[in-house]
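Me: Hi! I'm new to this one, could you walk me through it?
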Amino acid sequence: MIATASEVLAPSGQSNPVPVPPVERKPLTKKEIAADHPTWCPGCGDFAVLALYFKLIEKRKLWQEKITTISGIGCSSRFPYFVQAYGAHYIHGRSLAFASGVSLSRPDLHVFVFGGDGDLFSIGGNHFTHTARKNIKLTCVAMDNWVYGLTKKQTSPTSPLGFKSKTDIWGAVDYPVNPMKQAIAAGASFVARTTSSNPNHVAQMMDAAMDHDGFSFIECLSECVEFYEGAFDASNPRKGGVFNTVPATHDVTNETAAYKLAGEPFPGYFGIFYKVSKPTKNEKEAAISSSAREKVKGLKDWEILQKTFDRMR
Ligand SMILES: Cc1ncc(C[n+]2csc(CCOP(=O)(O)OP(=O)(O)O)c2C)c(N)n1
Ligand code: SF4
Ligand SMILES: [Mg+2]
């Protein structure tokens, strides 16, 4: 993109600024977006997700000030540290609450949230439900490794029955959350599933999610090689598993069909399960604010306040 001469005029106050020729602002390269060296364990599935996010930013020609990467706490939630752009490494489980505020107040940004299965479905489960039902425009990627990685192997809400961990030494007894079912039931308007062992597929899902006007959710299987090695082998053809994409006959606007697909036993299917268009909270709130502004048009701030006080009498 080119900055126009008027945008690059000499500082204000100068009476006759001399126009300078337009300067070309080059799109960012993957190298420029990469920040700190990621501190994940060698072989962690999270590396691929980060690399594909860089690729997406590069492909979409986004600059730092248009990228917002938000997370909670966890290995996966270290994500924003490694992106050389704006973002926040927020409180455990509260990333979506923070991201909702950013999305509603800055319609010019596309907000990406990355989090773990614990972060999004345990402590953050409540926020997940409400962000989805409000259809807030943002993309939420759950980097699901079926375990608490950062805190070194506790049972997570997606750990399968029988999984032996520090909190379930005899094996997990609680029925796991199915993130796909959870997202569909909560009202997410875009729900997709992918796995970090298939980079091209992750890139496709991120691209499609970003184009969606509403709450887009991606469950991305991302192996924790340290505390749950081999968890997703059954979905990885390189490890003798199968990678089945959503059948071509599947109707993505059919909620019941999407829910049924989500209930298929592991490794299940990969791709877009559900996608519908419905008004976002962003546009509804924008309409409310603009009609409220219209009513007080031309009034000074103190006059608007005075009107409020008068109404309260
Ligand atoms: C309020 C609060 N509760 C608990 C913790 C401890 N804690 C940090 S990360 C985490 C879970 C990490 O698991 P997950 O979200 O699945 O991410 P992963 O590390 O597996 O990527 C927990 C329980 C915390 N930091 N803050
Ligand atoms: S502990 Fe697991 S999730 Fe965390 S960086 Fe290591 S491999 Fe990845
Ligand atoms: Mg986890």
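What follows is a short chat about a predicted model.

Me: Let's start with the metal. Which protein donors does the magnesium ion (ligand 3) have?
Reply: Asp 117 gives OD, Asn 145 gives OD1 and Val 147 gives O. These donors lie 2.1 to 2.2 Å from the magnesium ion.

Me: How are those donor residues spaced in sequence?
Reply: The pattern is D-x27-N-x1-V.

Me: And are Asn 145 and Val 147 buried or exposed?
Reply: Both Asn 145 and Val 147 are buried.

Me: Okay, on to ligand 2. Which residues surround it?
Reply: Asn 145 turns up again here, as part of the surroundings of ligand 2.

Me: Changing topic: what is the strand order in the open sheet?
Reply: Its eight strands run β4-β3-β5-β6-β10-β9-β12-β11, and the pairing is mixed.

Me: In which sense does β3 pair with β4?
Reply: Strand β3, residues 67-71, pairs with β4 in the parallel sense, over three bridges. Ser 71 stands opposite His 89 in β4.

Me: Last one: which strands does helix α5 lie across?
Reply: Helix α5 (residues 125-133) lies across β6 (138-144) and β10 (215-221). The helix runs at about 135 degrees to β10.

Technical notes:
Residues numbered from 1 in each chain as written. Chains lettered and ligands numbered in written order. Predicted model: local features only at pLDDT ≥ 70, side-chain atom pairs only at ≥ 80, totals over all residues. Heavy atoms only, no water. Near = heavy atom within 4 Å. Donors = N, O, S within 2.8 Å, 3.2 Å for Na, K, Ca; no water. Buried < 20%, exposed > 50% of the residue type's maximum accessible area, 1.4 Å probe, protein only. Pairing = 2+ DSSP bridges. Helix = DSSP H or I, 4+ residues; strand = E, 2+ residues; numbered from the N terminus. Contact = heavy atoms within 4.5 Å. Axes fitted to C-alpha atoms, helices over the stretch in contact; angles between N-to-C directions.
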